[in-house]
Amino acid sequence: MDLSTQKQAVLSAARKAYAEKLMAGTSGNMSVYCREAGLMAITPSSYDYSIMEEKDIVVIDLEGNIKEGCHRPSSEWKMHAEIYKALPHVGAVVHTHSPYATCFAVNHQEIPVILIEMIPFLKGSLEVSAYAEQGSAQVGINAVPILSRKNACLMANHGVVAVGGSMPEAYINAVYVEDTAKIYHMALTAGTPVTIPGYEG
C-alpha cells in the first residue's frame, strides 16, 4: 500500500466517523500502518474533520518522527504505535469517543455478549482497559492485552479503540462497539439484559 492510498483510507474513515457522530469536535483519531515501510498515516492533532483533506494526514514512524505532512500527528499517536508494535496482525486503529460506548468506559463497566454480531466482529465482550494519561504510551500498553484477544475495547474514562487488519475492518468494529453500547444502554433502562449462552468472554 502506497502512502497516498494509506492517507486516503484514513481520511475517508475520519470523515465518515465524524458524520456518523462517533466523535465530536476534533476528538478521536485513526491510522493505517504499513509494516513493510514502518510508517503510519494518522489524523492530525486538533484539526477540523469537516475541512480535512488528504494533504492534512500525517505520515510518521513508530517513534513519532514526521516523514510527510504539515501538521502535528494526533496527540494519541503513541497509543497507535504501541498497538502496532505489540500486535503484528493489526493494520489499522480507530479511536472514537462515541457517546454510548464512552459512557460505559466512564463507568468502567464491561459490556457482556448480548448480540450475535459481537462474536464475529468484536470477538466477545467489551472489556475495559485501565486508565492512563491521555497522550501517553501507557494508553496503548494498557489496551494491548485485551486487543490481543478482541477487536476492540473500552478505555477507562476515555473512549473506544478498535483494530483490524485494514481500515474498513477497524472501522466496522468501531461501529459495532457503539451499536452494542447503545442497545445495551437501552436494554438496561427497559429491564435486565440477557446474555447469549456460551459466550462469557
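## Loops, hairpin and cores

K123 lies in the loop between helix 4 (118–122) and strand 6 (128–129). Helices (H or I, at least four residues) and strands (E, at least two) are DSSP runs, numbered from the N terminus. This is a predicted model: local features need pLDDT of at least 70, side-chain atom pairs count only at pLDDT 80 or more, and totals for chains, interfaces and linings use all residues. Residues are numbered from 1 along each chain as its sequence is written, and side-chain values use heavy atoms, with hydrogens and water left out.

**Loop residues**

K123 has a positive phi near 65 degrees and is not a glycine. S46 is another non-glycine residue with a positive phi, near 50 degrees. Most residues other than glycine have a negative phi. S46 sits in the loop between strand 2 and strand 3. S74 belongs to the loop between strand 4 (66–68) and helix 2 (77–86). Accessibility is classed as buried (under 20% relative accessible area), exposed (over 50%) or partly exposed (in between), using a 1.4 Å probe and protein chains only.

| Residue | Relative accessible area | Class |
|---|---|---|
| K123 | 44% | partly exposed |
| S46 | 56% | exposed |
| S74 | 3% | buried |

S74 makes contacts (heavy atoms within 4.5 Å). Setting aside neighbours within four places in sequence, S74 touches N29, I42, T43, P44 and S45.

**Strands**

Strand 1 (residues 29–34) runs antiparallel to strand 2, joined by four bridges. Strands count as paired if DSSP finds at least two bridges between them. S31 has I42 of strand 2 as its bridge partner. The two strands, 1 and 2, form a hairpin with four residues between them. G38, in the turn, has a positive phi of about 70 degrees. Strand 2 also pairs with strand 3 (residues 58–61), again antiparallel, over four bridges. There M40 stands opposite I60.

In a regular strand, side chains alternate between the two faces of the sheet. In strand 2 (residues 39–42), L39 and A41 point one way, M40 and I42 the other, and all are buried.

**Cores**

A nonpolar core is a set of buried Ala, Val, Leu, Ile, Met, Phe, Trp, Tyr and Cys residues joined through side-chain atoms within 4.5 Å. The largest has 40 residues. M30, I111, M118, L126, L154, M167 and V177 have the most contacts inside it. Helix 6 (residues 167–190) gives the most to this core, with seven residues. A second, separate core has 24 residues, including L62, V139, A143 and L147.

Not counting residues up to four places away in sequence, M30 touches several residues, among them V10, A41, I42, H80 and M167.
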